[in-house]
Amino acid sequence: MNSEMEVKLNFSGGAELLFGKIKHHTIQLPSQETWCMKKLLAWIKENLLKERPELFLQGDTVRPGILVLVNNADWELVGQLDYNLQNKDEIVFISTLHGG
């Protein structure tokens, strides 16, 4: 049994600027643990977020204006923070906020 779960993370619409201008990340998570979106967001904050966490997170969720897709479906359709990640999932974060 594989001891790691692979998850692809994509950041766009300006969200990538908070992650060192890197849009695509493939991460390995310990598969012995159950990983829900809430836990993943905490992991992202600790391991990938480079600056201005208040522009990406609000409390334990993404801030309003960040669209989240799980395998090309709106995360509201799969349970939002309670969604349990699966091996090879693709999570996309798109900022819909634009400065002017």
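This is a predicted model: local features need pLDDT of at least 70, side-chain atom pairs count only at pLDDT 80 or more; totals for chains, interfaces and linings use all residues.
**Exercise 1**

Find the salt-bridge partner of Glu 6, and work out which parts of the chain the pair ties together.

*Solution.* Let's begin with the contact itself: Glu 6 pairs with Lys 88, and their closest N and O atoms are 3.3 Å apart. A salt bridge requires such atoms to lie within 4 Å, so the pair qualifies. Next, place each residue: Glu 6 belongs to strand β1 (residues 4–12), while Lys 88 sits in the loop between β6 (73–74) and β7 (89–95), so the bridge ties together parts that are 82 residues apart in sequence. Finally, look at the accessibility of Lys 88: at 54% relative accessibility, this residue counts as exposed.

**Exercise 2**

Now do the analysis for Asp 60: which residue is its partner, and where do the two lie?

*Solution.* The partner is Lys 38, with 3.1 Å between the closest N and O atoms. Asp 60 is found in the loop between β3 (57–58) and β4 (61–62) and Lys 38 in helix α1 (residues 37–47), so this pair ties together parts that are 22 residues apart in sequence. As for accessibility, Asp 60 is partly exposed at 38%, and Lys 38 is partly exposed at 43%.

**Exercise 3**

Are Glu 54 and Arg 52 buried, exposed or partly exposed?

*Solution.* First, note that these two residues form a salt bridge, the closest N and O atoms being 3.1 Å apart. Then compare each value with the limits, under 20% for buried and over 50% for exposed. Glu 54 has a relative accessible area of 41%, so it is partly exposed. Arg 52, at 45%, is partly exposed.

Key: Residues are numbered from 1 along each chain as its sequence is written. Side-chain values use heavy atoms; hydrogens and water are left out. A salt bridge is a side-chain nitrogen of Lys or Arg within 4 Å of a carboxyl oxygen of Asp or Glu. Helices (H or I, at least four residues) and strands (E, at least two) are DSSP runs, numbered from the N terminus. Buried means under 20% relative accessible area, exposed over 50%, partly exposed in between (1.4 Å probe, protein chains only).
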